[in-house]
Amino acid sequence: MKRNSIIFGVLLGTVLATACNTEEKNKTSPPNIVFIMSDDHAYQAISAYGHGLNETPQIDRLAKEGAIFTRATVTNSICAPSRAVVLTGKHSFLNGKVDNVQPFDWDQNNFAKMLQKAGYNTAMIGKIHLDGLPQGFDHSMVLPGQGHYYNPDFLVNGERKQFEGYVTELTTQFALDWLKEGRDKEKPFLLIYNQKAPHRNWKPAPKYLTLYDDKNFDPPSNYFDDLTNYEGRGTAAKEQEMEIDGHARWGHDFKFEVDPKGDSTGFTRELERLTVEQRAHWREAYNPKNQAFLEAYPQAEGIAFEDKEKEREISIWKFNRYIKDYLRTIKSVDDGVGEVLDYLEENGLAENTIVVYTSDQGFYLGEHGWFDKRFMYEQSFRTPLLVRYPKEIKPGTEIDKLVQNLDFAPTLLDYAGVEVAPEMQGKSFRSLVSGQSDEWRDAVYYTYYEYPSVHMVKRHYGVATERYKLMHFYYDIDEWEMYDLQKDPNEMNNVYNDPSYGEVREELHQKLEDLRKEYGDSDEMNQKYLKAYLEYRNNQQ
Ligand code: SGN
Ligand code: CA
């Protein structure tokens, strides 16, 4: 009897101690992280940013319940390099992935590896665009390269498998599967959940093929920038190849199987990837719209228009086809965010989970007449950023400081209580966003390398402060541009040679030099990467 009660007492003690420990663990346990990155999602197309273009009620939940960053930027506005910066916390010229073309070295350190070592269960689902098996993840299910919108292949821990369905919905489903059944529930988790959408060529989900059909979108005020040949800017703006009315294609981009001249566009071949039902459904949605256009504008291509008004109408029609498809793909991204947030809430995980929503860079939605990105001009330099963490971030927080994707790794490590690696160049914005500190950098550094290449955006680097921007375009030109964002938010007027900006210009030159020194960049570094790029491309051909 006595022995039994002693055993009982010991057992009870153990149970109580465990209960207390669990409670203790909950209070101090490291936060879970859901890091959501879409591809080419412009801040203009998130309703929380207030541009009135579309509604993204699910993404907006993060802004309402957490923080929205109004001047978050990237260090290099292109896909794979941006992802490399996010993972490594180092500028492109140090992590080596300066363009989409040359390989990424997965053997270097990244924040997922560090969290994994610190006891996190980690997964990467969706688009990553960095070749090789992702390192730092207990589970990975990624698209090879750009991936496909319809019936995509995924590399499931390195093994290629095709799945029937729509990529955005599948990516969400795989992320939820891992949250529900795949992860180790004894450990804190890091889920990187990356959508391919709204990347070119903007193929919407079956259920959204006719969304916005009854709407008309007005293009931005500088949509017809090309008509003045980019007056007030330099050669780089003039010589890009990313105009909606000029470089976007009837087939691939505007989804015509036969162009206005009656030629086949090659889009029929793209549709072969769809199942018979998907294809029939697709044609049911697009054929009538395309037919209506061809009837209204039988001479839309090949014949020079005498009628300026008609030309303008066609250009605006193209903008509408582009923006509607782009926004349709975002609708599915937004739905997915809602499903993941619901899962966290319904399972008691919302309180202790940091949710980040961002994009690999911004995008032009007709500003300057463009689609695509790459330039240090505002719309592609900036990226959306929303962060929810109820334990530390007050609902409705707005941050206008110059944070960058370079800061993501240090910030997430900081939240997780893991010491930031010394080689990381970003800065944790944890105390900034919690309101504990207001201290922040006053300038950020930018680099872009992928030229000559698709869209022909020239190599450049630059510095941005809250008000000004200074850029240097080099290689086949040698031109400086400078903008006063307060007076000229659309960046239409290069003031580099305006004498009244002489003093500001010198200050910006100094800042640029300081930042290049601080981060370890130089003209020699640019030459090294230029040489490697040209050699790599020669060897590929
Ligand atoms: C593809 C796109 C380009 C885009 C690059 C880079 N063309 O080449 O428009 O700029 O990817 O995009 S497409 O015909 O394939 O759609 S990135 O997001 O991967 O950097
Ligand atoms: Ca991208």
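Predicted model: local features only at pLDDT ≥ 70, side-chain atom pairs only at ≥ 80, totals over all residues.
Two strands count as paired here if DSSP finds at least two bridges between them. β8 covers residues 353-359, and seven of its seven residues are buried, so the rest of the structure largely encloses the strand.

**Inside β8**
- In a regular strand, side chains alternate between the two faces of the sheet.
- Here, Thr353, Val355, Tyr357 and Ser359 point one way, while Ile354, Val356 and Thr358 point the other way.
- Both sets are buried.

**Who sits beside it**
- On the β1 side (residues 32-38), the pairing with β8 is parallel and takes seven bridges.
- Within that pair, valine 34 has valine 355 of β8 as its bridge partner.
- Valine 34 also stands opposite leucine 191 in β7, and β1 and β7 (residues 189-194) run parallel, joined by five bridges.
- β9 (residues 385-388) runs antiparallel to β8, with four bridges between them.
- In that pairing, tyrosine 357 stands opposite leucine 386 of β9.

**The whole sheet**
- The sheet is open, has 10 strands with mixed pairing, and reads β6-β5-β4-β3-β7-β1-β8-β9-β2-β10.
- β6 (159-162) and β10 (397-399) are the edge strands with a single partner strand each, so each has one side without a neighbour in the sheet.
- From one strand to the next, the twist averages 15 degrees.

**Helices packed on it**
- Helix α10 (residues 308-346) touches β1, β7, β8 and β9, and its direction makes about 175 degrees with that of β8.
- Helix α12 (residues 408-416) packs on the sheet too, touching β1, β8 and β9, with its direction at about 175 degrees to that of β8.

Terms used
Residues numbered from 1 in each chain as written. Chains lettered and ligands numbered in written order. Heavy atoms only, no water. Buried < 20%, exposed > 50% of the residue type's maximum accessible area, 1.4 Å probe, protein only. Helix = DSSP H or I, 4+ residues; strand = E, 2+ residues; numbered from the N terminus. Axes fitted to C-alpha atoms, helices over the stretch in contact; angles between N-to-C directions. Contact = heavy atoms within 4.5 Å.
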